[in-house]
Amino acid sequence: MVTPLVVITGPSGVGKGTLIKGLLERVPCIHVAVSATTRPPRPGEVDGRDYYFLSPEEFERRVRAGEFVEHAVYAGNRYGTLRSELERPVRAVLLEIDVQGARQIRAQRPDALLVFIAPPSLDELERRLRRRGADSEEQIAKRLAAAREELAARDEFAHVIVNDDAERALAELERLVGKIVAR
Ligand code: 5GP
């Protein structure tokens, strides 16, 4: 049997990370896939826990070796999910990836639950990106440009959760995930 797959997508800064943290407290035994990236680590990020931080050369080598189930360029850096992350004996695997990656997963795994997390507005997203304080002005500008494109894609997704109220958004996500993950 294949492990159920949950894909959480939506623009950077929309609060995907916080929602996933809340979900894991309520539905344990879900494995959150660790992505690979060429972006440098932020303060406090740990290699192998937050990401596999790879050089551009190593990332490209693994692309050529067919090691990624999906990969994309986001705000000037490469990101991808290694196939090995999906082959785990767990109740479900969860991917937190951008829209380009979500499309690639949808094409390969029609059974996956895809959930798009939307901000209440683009202005609110910008405020959140700035409040987070993790990115340079240049990165924020790139992320906002990417967000405009990602928001235009929301209708491609059967499930859209507007993250205006964290508690309500989490309850909605838990309900969706509960449908494909055995209790
Ligand atoms: P950040 O640099 O803020 O950690 O991530 C930037 C964006 O890349 C986020 O929207 C995140 O969802 C996306 N991302 C993270 N890992 C992956 C991945 O493995 N594949 C794809 N396609 N996108 C990813």
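1. Which strands each supply at least two residues of the shell around the ligand? They are strand S5 (68-74) and strand S6 (77-82), strands being DSSP runs of E with at least two residues, numbered from the N terminus. This is a predicted model, in which local features need pLDDT of at least 70 and side-chain atom pairs count only at pLDDT 80 or more, while totals for chains, interfaces and linings use all residues. Residues are numbered from 1 along each chain as its sequence is written, and side-chain values use heavy atoms, with hydrogens and water left out.

2. Of the 18 residues around the ligand, those that come nearest are Ser35, Arg39, Tyr51, Tyr79 and Asp98, where a residue counts as near if one of its heavy atoms lies within 4 Å. The shell divides into five nonpolar, five polar and eight charged residues, with Asp, Glu, Lys and Arg counted as charged, Ala, Val, Leu, Ile, Met, Phe, Trp, Tyr, Cys and Pro as nonpolar, and the others, Gly among them, as polar.

3. Among the polar contacts (pairs of N or O atoms within 3.5 Å), a polar side-chain atom of arginine 39 lies 2.6 Å from an oxygen atom of the ligand, and a polar backbone atom of glycine 80 is 3.1 Å from a ligand oxygen atom.

4. Strands S4-S3-S6-S5, in that order, form an open sheet with mixed pairing, two strands being paired if DSSP finds at least two bridges between them. Strand S4 (52-53) and S5 stand at the edges with a single partner strand each, so one side of each is left without a neighbour in the sheet. Strand S3 (residues 36-37) runs antiparallel to S6 and is joined to S6 by two bridges; threonine 37 has tyrosine 79 of S6 as its bridge partner.

Notes. Polar contact = N/O pair within 3.5 Å; in protein donor to acceptor, adjacent residues only side chain to side chain. Helix = DSSP H or I, 4+ residues; strand = E, 2+ residues; numbered from the N terminus.
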